[in-house]
Amino acid sequence: MEKEQWQAWIIALVGLWSMGMPVALAHGAPQEVLSAAAAWSFVATGAIAFLLSLAVLTAYRAWESYVAMLLSLWLGLSPWALQFSAAPMARQNALGAGAAIFVLSAWALFTRQRA
């Protein structure tokens with residue numbers, strides 16, 4: 001395992017968290033009801049982030065980091081696009097997960113290109 005792959009492990013964890021976030025939110029903050037589209041957005045983006053991180057762990061290709069960065073932009077915009085910005089915990093989870101995926105993917109891309 002190469003030293004830069006630690007970012008992929010963290011992205012995998014963020015992806016798993018995003019997939020489970022609608023359920024955790026339903027139990028931890030039942031006053032924040034997500035639409036089906038918002039819940040599925042978390043599940044789908046989390047699954048894609050998880051699968052991308054597994055792909056990075058098997059064989060790194062730069063396009064995977066670019067796709068993960070685009071995915072993170074969707075997470076950051078999704079509270080407003082899917083109209084759940086008034087739900088603070090869901091919004092913070094989307095923004096936090098998006099920021100983490102973006103920074104870690106950009107970091108991996110930058111360190112790989114410099115190597």
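This is a predicted model: local features need pLDDT of at least 70, side-chain atom pairs count only at pLDDT 80 or more; totals for chains, interfaces and linings use all residues.

Trainee: Where is Gln83 placed?

Mentor: Gln83 sits in the loop between α3 and α4. For those names, helices (H or I, at least four residues) and strands (E, at least two) are DSSP runs, numbered from the N terminus. Now for the backbone: most residues other than glycine have a negative phi. Gln83 is not a glycine, yet its phi is positive, at about 60°.

Trainee: Next, helix packing. How do I read an angle between two helices?

Mentor: Axes are lines fitted to C-alpha atoms, for helices over the stretch in contact, and angles run from 0 to 180 degrees between N-to-C directions. Under 35 degrees counts as roughly parallel, over 145 as roughly antiparallel, 65 to 115 as roughly perpendicular, and the rest as oblique. Here α1 and α2 pack at about 160°, their axes 7 Å apart, so α1 is roughly antiparallel to α2.

Trainee: Which residues of α1 and α2 make the contact?

Mentor: Contact means heavy atoms within 4.5 Å. On the α1 side the residues include Gly15, Ser18 and Pro22, and on the α2 side they include Phe42, Val43 and Gly46.

Trainee: Is Ser18 buried or exposed?

Mentor: Ser18 counts as buried because its relative accessibility is 2%. Leaving aside neighbours within four places in sequence, Ser18 is in contact with Phe42, Val43, Gly46 and Ala97.

Trainee: What does Pro22 touch, not counting residues up to four places away in sequence?

Mentor: Leu34, Ala39, Phe42 and Val43. Pro22 lies in helix α1, and a relative accessible area of 15% makes Pro22 buried. Its C-alpha atom is separated by 9.8 Å from that of Glu32, 10 residues apart along the chain.

Trainee: And what about α3 and α4?

Mentor: Their axes come within 8 Å and cross at roughly 160°, so α3 and α4 are roughly antiparallel to each other. The contact involves, among them, Ala68, Met69 and Ser72 of α3 and Ala97, Gly98 and Ile101 of α4. As for handedness, a crossing is left-handed if the near helix is turned anticlockwise from the far one by less than a right angle, and right-handed if clockwise. α3 passes α4 in a left-handed crossing, and α1 passes α2 in a left-handed crossing too.

Trainee: Let's do rings. How many aromatic pairs does the count come to?

Mentor: The rule first: rings of Phe, Tyr and Trp (its six-membered ring) pair if their centres lie within 6.5 Å, and planes under 30 degrees apart count as stacked, over 60 as edge-to-face and the rest as tilted. By that rule there are two aromatic pairs. Trp6 and Trp107 are edge-to-face, 4.9 Å centre to centre with 90° between the planes. This pair links distant parts of the chain, with Trp6 in helix α1 and Trp107 in helix α4, 101 residues apart. Trp6 counts as partly exposed at 36% relative accessibility, and Trp107 counts as partly exposed at 42%.

Mentor: Phe42 and Phe84 form a tilted pair, 5.6 Å centre to centre with 50° between the planes. Phe42 is in helix α2 and Phe84 in the loop between α3 and α4, 42 residues apart. Phe42 is buried, at 2% relative accessible area, and Phe84 counts as buried at 5%.

Trainee: How many salt bridges does the structure hold?

Mentor: A salt bridge is a side-chain nitrogen of Lys or Arg within 4 Å of a carboxyl oxygen of Asp or Glu. The structure holds one: Arg61 with Glu64, the closest N and O atoms being 2.9 Å apart. Arg61 is partly exposed at 37% relative accessibility, whereas Glu64 is buried at 1%.

Terms used. Residues are numbered from 1 along each chain as its sequence is written. Side-chain values use heavy atoms; hydrogens and water are left out. Buried means under 20% relative accessible area, exposed over 50%, partly exposed in between (1.4 Å probe, protein chains only).
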